Amino acid sequence: MAFNMGAALLDALVLSTVSREPTYGYKITQDVRQLMPVSESTLYPVLRRLQKDNCLETYDQEFAGRNRRYYRLTARGGEALASYRVEWTVYRAKIDGMLLPEEGCAE
């Protein structure tokens, strides 16, 4: 069973991935795919929107004779990620409270 993962979660995962180190789109896609199904055609509009919202900035770097576009977190992106992390903690606690039995109770 797969749970529906919304745009906010995808934004949070992208920002978290880029916060570790500047990286390029294909690598971001591969990292996010470890957690949820996402295609490059879904991811690139997210990257462009986050860039437009000043959460990410880009630079080009040569790799194997070609330019590769790298994304890095901005200060605004760091603030957005911190907010997502707080929201996730609250959300996760609420879901855990509903789905997981309390300790000591028989199922």
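**Exercise 1.** Which residues are buried in helix 2 (residues 25–33)? Determine also on which side of helix 2 they lie.

*Solution.* The model is a predicted one. Step 1: a residue counts as buried under 20% relative accessible area. In helix 2, G25, I28, T29, D31 and V32 are buried. Step 2: these residues lie on the same side of helix 2, because they cover an arc of only 165° around the axis. Step 3: an α-helix has 3.6 residues a turn, so residues three or four places apart point the same way. Step 4: the cover over the buried residues of helix 2 includes helix 1 (7–20), strand 1 (23–24), helix 3 (40–52) and strand 3 (66–73).

**Exercise 2.** Describe how helix 1 and helix 3 pack.

*Solution.* Step 1: the axes of helix 1 and helix 3 are 11 Å apart, and the packing angle is about 75°. Step 2: angles of 65 to 115 degrees count as roughly perpendicular, and helix 1 and helix 3 are therefore roughly perpendicular to each other. Step 3: from helix 1, L10, D11, V14 and L15 meet T42, L43, V46, L47, R49 and L50 of helix 3. Step 4: by class, this contact has seven nonpolar, one polar and two charged residues.

**Exercise 3.** Locate N54 and A64, and examine the phi of each residue.

*Solution.* Step 1: most residues other than glycine have a negative phi. Step 2: N54, although not a glycine, has a positive phi of about 65°; N54 lies in the loop between helix 3 and strand 2 (56–63). Step 3: A64, also not a glycine, has a positive phi of about 55°, and A64 is found in the loop between strand 2 and strand 3. Step 4: with a relative accessible area of 73%, A64 is exposed.

Key. Residues numbered from 1 in each chain as written. Predicted model: local features only at pLDDT ≥ 70, side-chain atom pairs only at ≥ 80, totals over all residues. Heavy atoms only, no water. Buried < 20%, exposed > 50% of the residue type's maximum accessible area, 1.4 Å probe, protein only. Helix = DSSP H or I, 4+ residues; strand = E, 2+ residues; numbered from the N terminus. Arc of directions from axis to C-beta. Contact = heavy atoms within 4.5 Å. Axes fitted to C-alpha atoms, helices over the stretch in contact; angles between N-to-C directions. Parallel < 35°, antiparallel > 145°, perpendicular 65-115°, else oblique. Nonpolar A, V, L, I, M, F, W, Y, C, P; charged D, E, K, R; others polar.
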